[in-house]
Amino acid sequence: MRFQRRMTKLLGHINGKFHLLAYVSALLQLSRLDANTNILSMNRLVLLYGPPGTGKTTLCKALAQRLSIHQNSIYKRSIFIEVNSHSLFSKWFSESGKLVLKMFNQIEELAEDPKTFVCVLIDEVESLTMGRNASFQKHEPSDSVRAVNAVLTQIDKIRRFNNVLVLTTSNITEALDAAFVDRTDICRFVGNPTTHAIYSMLFDAIKELQRVGVINREQEVEPFCNWDTNGCNDESKCLWNL
């Protein structure tokens, strides 16, 4: 029973990723069918949030790759654009908003080709979409507010392209502007890895150290998926306790 509970928890974590893929795939399909966006709100905007180092960016890249494979019968090519939020800020007044506008103009140029699937990843999006109310209260420069306004305006503008998907990640959701969060189609929390996932990562690391001869190969550690209700060997127990 203990083993079954562990596996159920692990499978639930994996199914969450498949649910995200299925949701975004359905979103793209509805967009291609020209569904009425006044009835079905579809901005093709995804937000993954959670603590730093939990794999949000990696998950976005994997999602973009999987979608490009699924959409290869519809689009001739797929383009992945990774945006560094910090690079869009300038020391010159009002320049940040112009940089945001320039970036989205380049995305629009690519999206003009209906046979091209464009996937945009904006990492640490809180840098671009900081809450405007908090900015006013802290008397921050109005240039940051202009950058937020530019991002929101351009997200609304690219809605007319049904071949564009915007993926975003954030470590500080409390700082995000409410208008940006309201535009997202799905907000998914990405937490720390489960105990089973950590075991699997350490197992792979041990196997690699054994391959290069750093760890004795005679000390065999069992992969978690091979465990049974009768237990495991001593090396695997030590790793599990760790």
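pLDDT is the predictor's confidence in each residue, on a scale from 0 to 100. The structure above is a predicted model, and its protein chain has a mean pLDDT of 82, with 81% of its residues at 70 or more. Residues 1-14 have a pLDDT below 50, and beyond near neighbours in sequence this stretch has 15 contacts in the model. Where pLDDT is low, the predicted coordinates should not be read in detail.

**Salt bridges**
- The structure holds 5 salt bridges.
- One of them pairs E82 with K61, with the closest N and O atoms 3.6 Å apart. E82 sits in strand β2 (residues 77-84) and K61 in helix α2 (residues 56-70), so this pair ties together parts 21 residues apart in sequence.
- K157 and E108 also meet through their side chains, at 3.6 Å from N to O. K157 belongs to helix α5 (residues 142-157) and E108 to helix α3 (residues 95-111), so parts 49 residues apart in sequence are tied together.
- E108 is buried at 7% relative accessibility, whereas K157 is partly exposed at 37%.
- E108, K157 and R160 are linked in a network of salt bridges.
- Within helix α7 (residues 195-211), R211 and E208 lie 3 residues apart, about one turn of the helix, and their salt bridge spans 2.7 Å from N to O.

**Two faces of helix α8**
- S236, L239 and W240 are the buried residues of α8 (residues 234-241). They fall within an arc of 100° seen down the axis, so they line one face of the helix.
- D234, C238 and N241 are exposed on the other side of α8.

**A nonpolar surface patch**
- L30, L33, I39 and L40 form this patch, with about 400 Å² of accessible area together.
- L33 lies in the loop between α1 (2-32) and β1 (45-49), and L33 is exposed, with a relative accessible area of 61%.

How values were computed
Residues are numbered from 1 along each chain as its sequence is written. This is a predicted model: local features need pLDDT of at least 70, side-chain atom pairs count only at pLDDT 80 or more; totals for chains, interfaces and linings use all residues. Side-chain values use heavy atoms; hydrogens and water are left out. Patches are made of residues with over 30% relative accessible area and no salt bridge: like charges are joined within 9 Å, nonpolar side chains (Val, Leu, Ile, Met, Phe, Trp, Tyr) within 5 Å. Accessible areas come from the Shrake-Rupley method with a 1.4 Å probe; for residues, only the protein chains shown count as cover. A salt bridge is a side-chain nitrogen of Lys or Arg within 4 Å of a carboxyl oxygen of Asp or Glu. Helices (H or I, at least four residues) and strands (E, at least two) are DSSP runs, numbered from the N terminus. Buried means under 20% relative accessible area, exposed over 50%, partly exposed in between (1.4 Å probe, protein chains only). Contact means heavy atoms within 4.5 Å. The arc is that of the directions from the helix axis to the C-beta atoms.
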